[in-house]
Amino acid sequence: MPRRIDRGPQARLIVEKGGSLVASRAQTWRDSIRLSYGQKITLLATLPLILAVGAIAWIVANQSRQLAENEISQLEARLIETKKEELRNYVTQARNGFYYIYGNAAPDDETAKQRVANILSAMIYGEEGFFFVYDYDGRAIVHPRQTDYINQDLSGLTDSLGTPVVDPLIEIARGGAGYHTFLWPKPSTGEEAMMVAYVTGFQSWQWAVGTGVFIDDVLASVASARAETQARIERTFVYIVLITILALLGVFITGLLLNLRERRLADAKLRALTERIIDTQEEERGRVARELHDSISQILVGIRYTLELARKRVMSGDVKASQSLDKGIGGLTEAIHEVRRISSDLRPGVLDDLGLGPALKSLVDAFAERTGIETEFQTVVFRNRLDKDAKIALYRIAQEALTNVERHAEASRVTIEVSGHRQGATMRVQDNGRGIDSDRSSGLGLRNMQERIDQLGGTLRVLSSQDGTIIEASVPLSHMLSPKTERDPKTTRKSA
C-alpha cells in the first residue's frame with residue numbers, strides 16, 4: 001500500500017501558495033482574453049460581415065467554376081465532334097476513291113488489294129495525317145508514316161496508359177464503323193499524344209481501314225480555358241478580399257469615430273452630471289445651513305441668554321429664576337423639534353419605519369401646517385409593496401413638487417394620490433397654481449425628478465397650464481414586492 005508522507009506545515013504552505021499562484025495565473029489569462037464592450041461591438045459588427053462575404057465568395061466561386069466547367073466541357077465536346085466528323089469525311093472520301101476496285105474484286109484478289117493498299121499509302125495529309133489498314137488478325141498492311149509496323153502483328157498492342165490500340169479497332173471494324181481514342185506516337189516528334197481514330201470494315205477482305213487525328217491542340221485549348229477560368233476565380237477572390245478589407249476598415253473607422261463621439265458625449269454628460277451633483281449638494285448644504293442659522297442657532301442663542309439670566313437670578317436669590325429656567329427648557333424643547341424637522345427633511349425616519357404612505361401623509365401635513373395651503377392626500381393599500389429605491393424616489397419627487405408649489409405656483413390647493421395598478425404604481429401631484437414658466441421648465445428640480453424616475457426605468461409626465469400643474473410619476477412592476485416577501489417575518493414590516 002502506498003504510504004502518505006507528511007512534509008509538515010511548510011510543505012503544505014508551499015502547496016497552497018502554488019495553488020493560489022496557478023489560480024492567479026488562470027485568472028490573469030481569463031482577464032487577458034476577456035473582451036471589452038467596444039471589442040464585443042466590433043466583433044458583432046465584423047463577424048457577420050466576414051461570414052456573409054465568405055459565404056458569397058464560396059457561392060460565387062462554385063457557381064463560376066461549374067458554369068465554366070460546363071462551357072469548357074461543351075467546347076471540348078464540340079471540338080472533338082468536329083474532329084470526328086472530319087475523320088469520317090476523310091474515310092468516306094478515301095473509300096469512294098477506290099470503291100470501284102474493291103466493289104469489283106473477289107475476296108482473294110491480291111492484285112486489287114495491293115492497288116488499294118498503294119492508294120491508301122499515298123493518301124498522306126497535313127503534318128501528321130495518314131491512313132492505316134489492319135487485317136482482322138492484327139497484321140499491319142498500310143502504315144505510311146510508320147513503315148516499321150508494316151507486316152507486323154500488332155494485336156495486343158497497348159499505349160503507355162495500358163489502353164488497347166489495335167484490338168478495339170478491329171472489333172469496331174467487324175461491327176461496321178466507329179471511333180476509338182488512345183495514345184499514339186506523333187510521326188513528327190515521336191512523343192505520345194492523344195489520338196481519335198475512325199475505322200470502317202471491309203468485310204469481304206477482312207480489313208480495318210481508318211485514319212486518326214491528334215487532339216493535343218484541343219486538349220491544350222481546354223487546359224488553357226480551365227487555367228484562365230481558375231485565374232479569373234482567383235482574381236474574383238482577390239477582389240472580394242480587397243472589398244472585405246475595405247468594408248472592415250470602414251466599419252472599424254466608423255466604429256472608432258462613433259466611439260470617440262460617444263465618449264465625448266459621455267464625458268460631457270458626466271461633467272454636466274458632476275456639476276449638477278455639485279450644485280445640488282451646494283444647494284442642499286445652503287438650505288441646511290440656513291435652517292441651522294435661522295432656527296437652531298437663534299434658538300440656542302436665546303437659550304444661552306435665558307440660562308445666563310437664570311444664573312444671575314439664582315446668585316442674587318431672585319425668585320424669578322425658575323421662570324428663566326422654564327423658558328430655557330422650552331427653548332431646548334423647540335431646538336429638539338427643529339433638529340427633528342431638519343433630520344426628517346434630510347431623510348424621514350417614518351419612510352423606513354412605516355413606508356411610503358405614512359411618510360407622504362406626514363410630509364403633506366407638515367406642508368399644510370407650514371404654508372397654510374389646503375392639501376389632500378389619497379392612497380389605497382395595494383397588494384404589492386414598493387421596494388426601497390421606489391419609495392425613496394417617489395418621496396423625493398413629492399418633496400420636490402411641494403417645494404415648487406410653495407415657491408412658485410401661488411396655489412391654494414394641492415392633491416397627492418398614490419395608487420397601484422397592473423403595470424406598477426403611480427403617484428400624482430396636482431395643484432391649482434399658475435403653472436410652470438418656460439424659464440423653470442428645464443430647472444434643476446424637474447431634472448432631478450426625471451433622473452430619479454429614469455434610474456427606476458419608469459416615466460415622468462409633467463402637464464402644466466394656467467389652471468395648474470400635474471406631475472405624474474410611474475414606477476414599473478419590477479419595483480413591486482410580492483405579498484409573500486412582505487409577509488416574511490424576517491423582513492421589516494412596511495407598507496406602501
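Mentor: Start with surface patches: a patch is made of residues with over 30% relative accessible area and no salt bridge, with like charges joined within 9 Å and nonpolar side chains (Val, Leu, Ile, Met, Phe, Trp, Tyr) within 5 Å. Lys and Arg count as positive and Asp and Glu as negative, while His and the chain ends are not counted. The place of a charge is NZ of Lys, CZ of Arg, CG of Asp or CD of Glu. Accessible areas come from the Shrake-Rupley method with a 1.4 Å probe, and for residues only the protein chains shown count as cover. Here, a patch of negative charge on the surface is formed by Asp137, Asp153, Asp167 and Glu171.

Trainee: What should I know about the source of the model?

Mentor: This is a predicted model, in which local features need pLDDT of at least 70 and side-chain atom pairs count only at pLDDT 80 or more, whereas totals for chains, interfaces and linings use all residues. Residues are numbered from 1 along each chain as its sequence is written, and side-chain values use heavy atoms, with hydrogens and water left out.

Trainee: Where is the place of Asp153, between which strand and which helix?

Mentor: Helices (H or I, at least four residues) and strands (E, at least two) are DSSP runs, numbered from the N terminus. Asp153 sits in the loop between strand S2 (140–142) and helix H4 (166–175).

Trainee: Is Asp153 buried or exposed?

Mentor: Buried means under 20% relative accessible area, exposed over 50%, and partly exposed in between (1.4 Å probe, protein chains only). Asp153 has 54% relative accessibility, so it counts as exposed.

Trainee: How many salt bridges are there?

Mentor: A salt bridge is a side-chain nitrogen of Lys or Arg within 4 Å of a carboxyl oxygen of Asp or Glu. By that rule the count is 14. One of them joins the side chains of Glu110 and Lys113 at 4.0 Å, N to O. Both residues lie in helix H3 (residues 110–122), three residues apart, about one turn of the helix. Glu110 counts as exposed at 55% relative accessibility, but Lys113 counts as buried at 14%.

Trainee: Which parts does the pair Arg413 and Glu376 tie together?

Mentor: The side chains of Arg413 and Glu376 meet in a salt bridge of 2.3 Å, N to O. Arg413 is in strand S8 (residues 413–421) and Glu376 in strand S6 (residues 374–379), so the pair ties together parts 37 residues apart in sequence. Arg413 is partly exposed at 29% relative accessible area, as is Glu376 at 26%.

Another bridge joins the side chains of Arg428 and Glu472 (3.1 Å, N to O). This pair links distant parts of the chain, 44 residues apart: Arg428 in strand S9 (residues 424–431) and Glu472 in strand S11 (residues 468–476). Arg428 is partly exposed, with 27% relative accessible area, and Glu472 is buried, with 16%.

Trainee: What span should helix H9 have?

Mentor: The expected span of a helix is 1.5 Å times one less than its number of residues. Helix H9 (residues 388–409) has 22 residues and should span 32 Å; its end C-alpha atoms are 30 Å apart, which agrees.
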